Amino acid sequence: MGFFTDSLLSALDLVWSMDRELVEIVTVSLKVSAGSTLLSACFGIPFGFLVSFNTFRGKRLLITCLNTMLAFPTVAIGLFVYAFISRRAILGVFDLLYTQEAIVIGQTILIFPVVATFTISSISQIDQGYRKTAMTLGANGWQTAAVIFREARFGIAAAVIAAFGRVISEVGISMMLGGNAKGFTRTITTAMALEYDKGEFVLAIALGIILISLSFSINILFHFVQGRGKE
Amino acid sequence: MILYQLKQISQVFGSRTVLNIDELVIEQGLIHGLLGPNGAGKTTLMNILGFLEAPATGQITFEGTAVDFSRRHLQQLRRQVVVVSQRPVMFTTTVYKNMAFGLKIRGFSSGERRRIIDESLELVGMRHMIAAQAHKLSGGETQRVVLARALALSPRVIICDEPTSSVDLESQQAIIKLLKQINEEKGISIILSSHDRFQTTALAHRTLFLDHGKLFNGAYENMFSVKTVGQEGQDTLFSLNDTVTLRLPMDIGFKKRILLDPWRIELLKNGAPHAPGNLLQGKVTQISQGKNSIRLVLESEIQLVLMLTPEQYHTHMPMIGSSVSVRISHNAVSVL
């Protein structure tokens with residue numbers, strides 16, 4: 001008990017004193033997570049919008065595939081991306097392996113289905129009446145799409161927040177594609193795993209406190225945004 | 001002047017034909033009422049008239065020009081017709097921004113938009129709600145703002161799909177009054193669908209009745225569900241609404257509904273309760289005068305509407321509360 005209390009107090013002290021190494025790890029984590037969230041939003045939202053807005057053959061199959069991709073293990077995605085960016089692979093010339101960019105690519109693949117399926121779900125929930133109303137008021141296709149997007153904005157924002165929550169806490173991709181290099185690709189989760197291996201619990205607990213706080217904040221934001229949408 | 005002319009229009013969803021109209025003419029400047037039960041095809045017809053969906057077959061002319069349902073032409077046509085749906089949708093923003101949406105698309109300047117919106121809201125008595133959140137308005141308020149939003153665009157036609165179905169009685173009367181005012185003052189043609197035949201016949205210049213996707217003359221009055229209950233010689237016995245039995249020399253096959261033409265139901269003189277044919281006795285509960293007709297509502301086992309010429313009325317002089325006999329012959333019956 002004394003060991004745990006001592007470690008917790010030391011961890012809190014680390015957080016309070018804004019330890020340089022701790023800040024560096026958190027910064028890398030936030031940077032790669034924000035990058036992958038931004039990229040997945042750029043691809044996932046328009047993709048989800050197109051799928052939801054249009055009727056085409058194979059639409060249900062595509063949505064089923066996206067839903068299946070939600071459950072992809074991070075290590076499988078890590079391995080998949082590794083096969084493309086390792087030195088001898090097709091994209092090896094870009095020297096991406098063990099860089100923050102590699103983590104961003106892997107994480108983007110991980111959360112693209114999250115953003116896309118949440119977007120599809122949000123737009124599907126928007127009453128067909130909005131589309132009809134926009135059209136009868138004289139809107140063209142783009143203007144009608146803008147109306148639908150505006151009405152689904154809270155659901156789409158919730159999709160992006162949920163995606164960020166997923167990547168900030170993942171470990172497989174960051175470890176496999178980032179390599180856990182100190183100061184470059186060491187993220188909160190990979191640093192925690194390393195510190196645990198070393199038996200150094202203080203930094204691990206300090207990072208854990210930050211990660212839980214971040215997850216908690218993201219959840220509060222998620223529920224707030226979803227609540228706004230239901231008002 | 002003819003506004004719409006529809007010829008051989010049909011609409012098919014899957015394997016089901018939901019609309020099948022041989023010919024329909026809608027005249028400019030009038031209020032047309034569209035009556036019919038649920039699933040009759042009213043909303044589908046309104047969507048076609050509002051250029052929101054293309055018919056499967058047939059031809060439509062709008063103001064004398066054949067309608068081309070390609071995307072490029074539709075937008076121009078839609079700018080002349082506004083459809084107010086059964087469950088009106090307000091965008092989740094203010095009343096002002098809702099109203100400004102269509103005007104902005106049409107390129108009105110900010111000052112013009114403000115003036116038009118003020119005028120339209122004033123007409124429906126909702127100017128004080130200009131800054132309110134539109135999606136939080138009550139049913140009656142929403143309907144009025146939706147009408148103002150349509151009115152602001154100065155369309156040639158406003159199509160209202162059951163505009164009074166989800167509002168209280170007070171709002172219903174306000175909306176009916178508004179529609180009449182819009183038609184009279186602005187000359188905008190109005191097409192409205194409803195279940196309320198009395199409300200519709202009172203408001204509309206012309207009433208159309210739609211059932212199973214087909215148009216019928218009449219005002220959705222004297223429509224009854226029937227079933228065959230027996231045979232007597234060459235005649236078949238039919239039960240109307242399980243209360244009245246008619247003996248008619250016809251077979252209705254598998255059809256379930258008939259319409260009794262109010263003009264063809266014969267009012268008999270008092271003291272003729274034993275005359276041959278399908279006789280029905282009842283009390284007169286309503287008498288109203290039209291341009292060249294007198295409308296009688298008769299309460300017996302079923303509610304029956306009769307239309308009389310002024311001459312016929314003066315011959316019989318039925319009064320409210322008086323007992324009368326009527327005869328229903330087979331030429332008054334249309335199978336739906």
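In this predicted model, 17 residues of chain B are in contact with 14 residues of chain A, where contact asks that the C-beta atoms of two residues, placed from the backbone, lie within 7 Å. On the chain B side, α2 (71-78), β6 (81-84) and α3 (95-105) each supply at least two of the touching residues. Helix α3(B) gives the largest share, three residues. Sorted by class, that side of chain B holds eight nonpolar, five polar and four charged residues; here Ala, Val, Leu, Ile, Met, Phe, Trp, Tyr, Cys and Pro count as nonpolar, Asp, Glu, Lys and Arg as charged, and the others, Gly among them, as polar.

Residues are numbered from 1 along each chain as its sequence is written, and chains are lettered from A in the order in which they are written. Because the model is predicted, local features need pLDDT of at least 70 and side-chain atom pairs count only at pLDDT 80 or more, while totals for chains, interfaces and linings use all residues. Helices (H or I, at least four residues) and strands (E, at least two) are DSSP runs, numbered from the N terminus, and two strands pair if DSSP finds at least two bridges between them.

Now to the strands of chain B. Strand β4 (residues 57-62) pairs with β1 (residues 2-13) in the antiparallel sense over five bridges, with Leu6(B) opposite Ile60(B). β4(B) also pairs with β5 (residues 65-66), again antiparallel, over two bridges, and there Thr61(B) faces Ala66(B). Two residues lie between the strands of this β4(B)-β5(B) hairpin, and Glu63(B) takes a positive phi near 50 degrees.

| Strand order (chain B) | Edge strands | Average twist from one strand to the next |
|---|---|---|
| β13-β12-β11-β14-β20 | β13 (244-248), β20 (333-335) | 40 degrees |
| β15-β19-β16-β17-β18 | β15 (266-268), β18 (303-308) | 45 degrees |

The sheet that starts with β13(B) has five strands with antiparallel pairing. Within it, β11 (residues 223-232) and β12 (residues 235-240) of chain B share six bridges, and Gln231(B) stands opposite Thr236(B).

The sheet that starts with β15(B) also has five strands and antiparallel pairing. Its edge strand β15(B) pairs on one side only: three bridges join β15(B) to the antiparallel β19 (residues 323-328) of chain B, and Leu268(B) has Ser325(B) as its bridge partner.

Notes: Axes fitted to C-alpha atoms, helices over the stretch in contact; angles between N-to-C directions.
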